[in-house]
Amino acid sequence: MGQALGCVQVDQSTVAVKEHFGKFVNVLEPGFHCIPWCFGYKSAGLLSLRVQQLDVRCETKTKDNVFVTVVASIQYRAMADKAVDAFYKLSNTKAQIQAYVFDVIRASVPKLELDSVFEQKNKIAKAVEEELEKAMSAYGFEIVETLIIDIEPDAQVKKAMNEINAAARLRVAANEKAEAEKILQVKRAEGEAEAKYLSGLGIARQRQAIVDGLRDSVLTFSKNVPGTSAKDVMDMVLITQYFDTMKEIGANSKSSAVFIPHGPGAVKDIAAQIRDGLIQGQNAQV
C-alpha cells in the first residue's frame, strides 16, 4: 500500500538510491520517504552499510613446492559518503574482492617456505588488506579487517609434519630419560661410595678396638702370669677365637659351607700348638 502511494521506508544501517527516469537523483537516509512514482521517481535499490564477511579459499604453492589452501576472511562494508560508487560501479562485489585476494596470496606465498607461511601469516593478511584497501576504496567500500584464519597443507604433507614433530618429541623424551637415568646412576654410585667409606671407617674402628683390647689383655696376662711372653698369649687368644668361630658355625642351622682351612693337617697344627703351649706352661711353673 505504501509503495502504491509512493511511500518508502529505509531501515537503519541501510540507504536507498533514488532515481528519476533511470537517472540518479540522491541517496535516501534511514527513515520514511515519499517517492512519487507517477512522476518517474523510483527507488533503484537498497545498499547495506553493515559490516559483511567473505571467506576466500585460495590454493597455491609454497617455495618448497608444497600445495596449501589458504583461507582468508575479509570483513568489509560500504561507505555512506560513497554509497553511489558502491551501488553503481560494481555488479559483483564479492567476486571482485575474491579476485584481489587470489592475486595477493598467489604472489606472496610462493616466495615463502611452508614453515614461514605459518610464521608470517599476519604479514600475508596485511598485504592482502593493503591491496584491497587501495582497490576497493575507489568503488566505495572500506576494508575493516583481513584475517588468515587457516592454512591447510596437503593431507600427506600434514601427516609427514606430524610424524616429524612426533619423532622430535620422542627424541627429546629419550634424551631426558637418559639424562634422568644418568643422574640416578651417579647418585647411586655416590651413595654406594659414601656407604663403603662409612663402612670402612666402621671396620677400621672395630679393628682398632679389637687391637686395643688384645693389647690390654696381653699386657694384663703377662703381668699376672710370670714367664709368659706376648707371643704365648696371642697364640692362646687365636686358638680360643678359632674354637669360638667353629662353635658359632656349628650352632647356626643355616650355614651350608665353611670357608676356613679345616682339614686334618689344620687340626694337627692346632693340637701341636696347644700341646706346645701346655708344655711351655709346665716348664715355666717348674
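Which residues have the most contacts inside the largest nonpolar core? Before the answer, a word on what you're looking at. This is a predicted model, so local features need pLDDT of at least 70 and side-chain atom pairs count only at pLDDT 80 or more, while totals for chains, interfaces and linings use all residues. Residues are numbered from 1 along each chain as its sequence is written, and side-chain values use heavy atoms, with hydrogens and water left out.

On to confidence. The chain has a mean pLDDT (the predictor's confidence in each residue, from 0 to 100) of 81, with 79% of its residues at 70 or more. Helices (H or I, at least four residues) and strands (E, at least two) are DSSP runs, numbered from the N terminus.

Back to the opening question: the residues are I74, I97, V101, I105 and L132, in a core of 32 residues. A nonpolar core here is a set of buried Ala, Val, Leu, Ile, Met, Phe, Trp, Tyr and Cys residues joined through side-chain atoms within 4.5 Å. Buried means under 20% relative accessible area, exposed over 50%, and partly exposed in between, using a 1.4 Å probe and protein chains only. Elements giving two or more residues to this core include strand 6 (52–61), helix 2 (93–108), helix 4 (121–136) and strand 8 (141–153). Strand 7 supplies the largest share, six residues.

Take I105 as a way in: leaving aside residues up to four places away in sequence, I105 touches C58, T60, V70, A72, P110 and V128 (contact means heavy atoms within 4.5 Å). Apart from the 32-residue core lies another core of five residues, including V8, A16, L28 and I35.

Three strands form an open sheet in the order 3-2-5, with antiparallel pairing; two strands pair if DSSP finds at least two bridges between them. Strand 3 (23–28) and strand 5 (41–48) are the edges, each pairing on one side only. Strand 2 (residues 14–20) is joined to strand 5 by seven bridges, and K18 stands opposite S43 in strand 5.

Finally, the cysteines. The structure holds zero disulfides (pairs of cysteine sulfur atoms within 2.5 Å). For C38, the nearest cysteine sulfur belongs to C34, 8.8 Å away. C38 counts as exposed because its relative accessibility is 54%.
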